[in-house]
Amino acid sequence: MPSPHLKYMRACLALAEKSPARPTNFRVGALLLSRHEDDTTLEKDDQLLATGYTMELDGNTHAEQCCLANYAATKNVPADRVAEVLPDEPDRKLVMYVTMEPCGRRLSGNAPCVQRIIQTCGAGAGAGAGAGGGRRGIQKVYFGVKEPGTFVGHSEGCKQLTAAGIEWELVQGLEREILTVATAGHENREEEVRAAMETVETNIDDISAEERRRQAQVPRNPKKRVMEADLMGSQR
């Protein structure tokens with residue numbers, strides 16, 4: 001059974017396709033949602049707060065940056081004050097979906113997307129302090145592929161999110177589509193996609209506890225169970 005998160009990843013992919021194809025960036029799409037704390041099926045009232053894609057706004061802007069700036073604009077505040085106006089409701093949490101792992105480093109000198117996400121909850125600035133003024137901010141990030149090493153080498157996004165206490169999860173199933181869209185405009189596009197696909201692995205550490213519970217509840221194919229039993233018997 002496909003992950004219920006894929007519907008949001010496909011929506012992010014459609015946003016990424018709106019981004020201009022350039023040799024110096026990845027085309028990425030992002031969504032910001034408000035979700036019930038206990039919703040593991042995604043069948044309750046998810047609320048879409050904002051969307052964004054690479055270079056949607058002026059300058060060398062990334063998808064997550066545009067997504068947060070677009071939400072800030074709906075509240076008539078500057079982008080750097082978005083943490084002050086993000087909703088912080090009882091029994092709900094903020095989650096972000098993005099086609100690619102948020103960047104932990106930028107060659108342009110602009111703030112990395114991970115830093116912008118962390119700043120929504122004031123992480124790293126002391127309890128009850130920081131840009132978010134004690135708000136919880138974005139609590140989890142879902143993404144479809146790890147950031148390839150094309151521009152900044154080994155990605156640091158996940159490591160930085162973990163250090164800040166923000167959950168993240170790799171949503172598998174659209175890797176090739178995401179990478180193909182992301183690398184449009186790159187000179188060695190096919191080689192980049194092929195190299196990135198070779199690193200795609202099913203890593204249990206990248207799957208959240210809620211996703212493991214969902215997979216455990218999916219009815220299994222009886223024929224597959226019989227085949228597994230036969231295989232185990234043949235190995236004795």
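Analyst: Helices (H or I, at least four residues) and strands (E, at least two) are DSSP runs, numbered from the N terminus. The model is predicted: local features need pLDDT of at least 70, side-chain atom pairs pLDDT 80 or more, while totals for chains, interfaces and linings use all residues. Residues are numbered from 1 along each chain as its sequence is written, and side-chain values use heavy atoms, without hydrogens and water.

In the loop joining strand E2 (47-53) to helix H2 (63-74) sits Met55, a non-glycine residue whose phi is positive, near 65°. Asp91 also has a positive phi, near 65°; it belongs to the loop between H2 and strand E3 (92-100). At 57% relative accessible area Asp91 is exposed (over 50%; buried is under 20%, partly exposed in between; 1.4 Å probe, protein chains only).

Charge pairs come next. Arg35 and Asp46 form a salt bridge (Lys or Arg side-chain nitrogen within 4 Å of an Asp or Glu carboxyl oxygen), with their closest N and O atoms 2.9 Å apart. Arg35 is in strand E1 (residues 29-36), whereas Asp46, eleven residues away, is in the loop between E1 and E2. Both partners are buried: Arg35 has 1% relative accessible area and Asp46 has 17%.

Lys146 and Glu101 also meet in a salt bridge, at 3.6 Å from N to O. Lys146 is in the loop between E4 and helix H4 (157-163), Glu101 in the loop between E3 and helix H3 (113-119), so the bridge ties together parts 45 residues apart in sequence. Lys146 is partly exposed at 37%, while Glu101 is buried at 3%.
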